[in-house]
Amino acid sequence: MNEMITSSVLSRRVLILGGHRLSRICSLPSAVAPPTLYPAAAASAFGRCCSPLRAASSKPGTANDAVVVAGDGNYGNKQVISVTPRLYDYLLANVREPQILRQLREETASIRGSQMQVSPDQAQLLAMLVQILGAERCIEVGVYTVVGFLWWLCGSAEGSGYSSVAIALVLPDSGCLVACEKDTKSLEVAKRYYDRAGVSHKVHVKHGLAAVTLKSMIQNGEVCSYDFAFIDAEKRMYQEYFELLLLLVRVGGVIVIDNVLWHGKVADPLVDDSKTVSIRNFNQILMEDKRVSISMVPIGDGMTICRKL
Ligand SMILES: C[S@@+](CC[C@H](N)C(=O)[O-])C[C@H]1O[C@@H](n2cnc3c(N)ncnc32)[C@H](O)[C@@H]1O
């Protein structure tokens, strides 16, 4: 969806540009080239953020549709990827997705709310971080299970927390994933998927508000005993989850936060709903937080990877 919008925005940029070729656009002196080829208000009309990007192609449908450069000329003309639907399909075709996750994703795909799951490429990155860390003890805040209509009628579940299964699959047998989720029904279904994936023995499900669960873990003396944490629950609580997890994760451990680009809305000054403002503020605070090193990655809806110093 986001990629389709990106493509539309780029195509519109092409119309505005009136057919300049990439090399000509990039070589325009800054006094001549407009600083923002797609203005904020117009970009918002497409439901897309208005980060001042310059499209690096004048030919819609060509490979260069996928390339942008920063609006700030001080970053030069370094081209970076702006994923198009075709490029994203290519990327997905290069994800090594375990069979159980593929099944889970396919069973979930048509159900309302399935977009809340992390994408396969995100899950693969999470799993790789867990492996690189040699993590044994992990926490997930926001498990999520898609519960279809049939579940309410006859108890048959239709989908489950993709990211928690992805993390649990790569943990050693002695490892554990503390899975925090407030929704009981979701957890019932999730447990069945953990069984199917053969990871039930590694997943410790904690039902309730995640902040309460994390506080009780701290009170239980679990400070600095976790290697990895993933935040993907209530957006307005991100700062609180982060502070609690920073206590629970060891030095050198990693905390990953999902949705930090929030469909691009964080970069649009015209968007000021509470979730967007909350994520924007969180990103700003994190930027200045000397307790962690950070890397904001434009994967999925944006993830920030933090390493505790
Ligand atoms: C985006 S979904 C998680 C998706 C999951 N990480 C995945 O990729 O498959 C967010 C989940 O967080 C849960 N949630 C929201 N607020 C919460 C809270 N305060 N405590 C615990 N869980 C919460 C919701 O019930 C929902 O299931």
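A residue counts as buried here if 20 or more other C-beta atoms lie within 10 Å of its own, as exposed if 12 or fewer do, and as partly exposed in between, with C-beta atoms placed from the backbone. The model is a predicted one, where local features need pLDDT of at least 70 and side-chain atom pairs count only at pLDDT 80 or more, while totals for chains, interfaces and linings use all residues. Numbering starts from 1 along each chain as its sequence is written.

The protein chain has twelve helices and ten strands; these are DSSP runs numbered from the N terminus, with helices (H or I) of at least four residues and strands (E) of at least two.

Now for the ligand. A shell of 20 residues sits around it, and Gly142, Tyr144, Ser163, Lys182 and Ala210 come nearest; being near takes a C-beta atom, placed from the backbone, within 6 Å. Helix 8 (162–170) and strand 5 (176–181) are the elements that give two or more residues to this shell.

Elsewhere, Met217 belongs to helix 10 (residues 210–219). Met217 counts as buried because it has 21 C-beta neighbours inside 10 Å. Leaving out residues up to four places away in sequence, Met217 touches Glu222 and Leu248, a contact being two C-beta atoms, placed from the backbone, within 7 Å. Met217 and Leu245 lie 28 residues apart in sequence, with 10.0 Å between their C-alpha atoms.
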